[in-house]
Amino acid sequence: KPITPAKRRGIIQPMQCFMSRPCWLGWLVAMSSCWRSRAQYGAWQSMDTSGGSTPAARYLHAAVFEDRDKTMLVFGGRDTPTSTPALEVWQYYRVNNAWQTKWTDQGGSGTVPPALYMHAAVYVNNLVFFIGGLEEAGFFAQLWSFSVLNNEWADLTDTNTPIMRGHSAVWDPDNTAVLIFGGYHSIEAVVSLTNTISYYQDFSGSYYWISPEQPSSSPSARSRHVAVYDDAHGVMLV
């Protein structure tokens, strides 16, 4: 009987993980594990990292694959069993199957985000954008970038940044835009589950929020789903 990962929820999939070998990373109830599925063999493989330093078991986190060092970056979420929001960036190296702490809050004077959960993340040219989410203080607009090169944060939140959580986000390289779908949005203090698309688009080095005309046919409203961008066909899959 083939080996398969245990049933889980709160799972995330880093986009374009490890050169088209998807790696699903799921933490729930004292579970801290990474599995990959190799399509050419039709089998699962557990990436056992129990011998070294690993992130605490968590859920509602976000992860991306960054192609500079060919690693996976994980930020935020809630630790188990205390359900404490996590304020740290972890880095997973496939080459030697090991984790290391990429960034932690040292309590300095620099700009840092709150500990977020139910947020989304995309990787673009050595920057990771973290979009939306919840913090312990409440439900506010959130847009942060993290530099892979120097481990520095920038707060990009402005008056046009939507207030949202539980949405998905992917990078569309053809249109140089972050595509965001679904989740809970707060408009004038009214929170609604949505099935709308919005863009955070790059125009000559400056990003702008865009609310396009919605498609005539859309998926049902949803939250905490998974989306990826299909480069070959230029589409987002939800």
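**Salt bridges and burial**

Guide: Arg68 is partly exposed, its relative accessible area being 44%. The model is predicted, so local features need pLDDT of at least 70 and side-chain atom pairs count only at pLDDT 80 or more, while totals for chains, interfaces and linings use all residues. Residues are numbered from 1 along each chain as its sequence is written, and side-chain values use heavy atoms, with hydrogens and water left out.

Visitor: Why is Arg68 called partly exposed?

Guide: Buried means under 20% relative accessible area, exposed means over 50%, and partly exposed lies in between (1.4 Å probe, protein chains only). Arg68 has 44%, and therefore counts as partly exposed. Asp69, with 31%, is also partly exposed.

Visitor: What makes Arg68 and Asp69 a salt bridge?

Guide: A salt bridge is a side-chain nitrogen of Lys or Arg within 4 Å of a carboxyl oxygen of Asp or Glu. The closest N and O atoms of Arg68 and Asp69 are 3.0 Å apart, so the pair meets the definition. The structure holds 4 salt bridges.

Visitor: How do you know that Arg58 forms a salt bridge with Glu88?

Guide: Their closest N and O atoms are 2.5 Å apart, which is within 4 Å, and therefore the term applies. This pair links distant parts of the chain, 30 residues apart: Arg58 is in strand β4 (residues 58-59) and Glu88 in strand β8 (residues 88-93). Strands (E, at least two residues) are DSSP runs, numbered from the N terminus.

Visitor: Are Arg58 and Glu88 buried or exposed?

Guide: Arg58 has a relative accessible area of 0% and Glu88 one of 17%. Both values are under 20%, so both residues are buried. Arg58, Asp79 and Glu88 are also linked in a network of salt bridges.

Visitor: What makes Arg78 and Glu136 a salt bridge?

Guide: The closest N and O atoms of Arg78 and Glu136 are 3.1 Å apart, within the limit of 4 Å, so this is a salt bridge. Arg78 lies in strand β7 (residues 78-79) and Glu136 in the loop between β11 (127-131) and β12 (143-147), so the pair ties together parts 58 residues apart in sequence. Arg78, at 12%, is buried, whereas Glu136, at 55%, is exposed.

Visitor: How do you know that β6 and β8 pair?

Guide: Two strands pair if DSSP finds at least two bridges between them. Strand β6 (residues 71-75) and β8 have 5 bridges, in the antiparallel sense, and therefore they pair.

Terms used:
Helix = DSSP H or I, 4+ residues; strand = E, 2+ residues; numbered from the N terminus.
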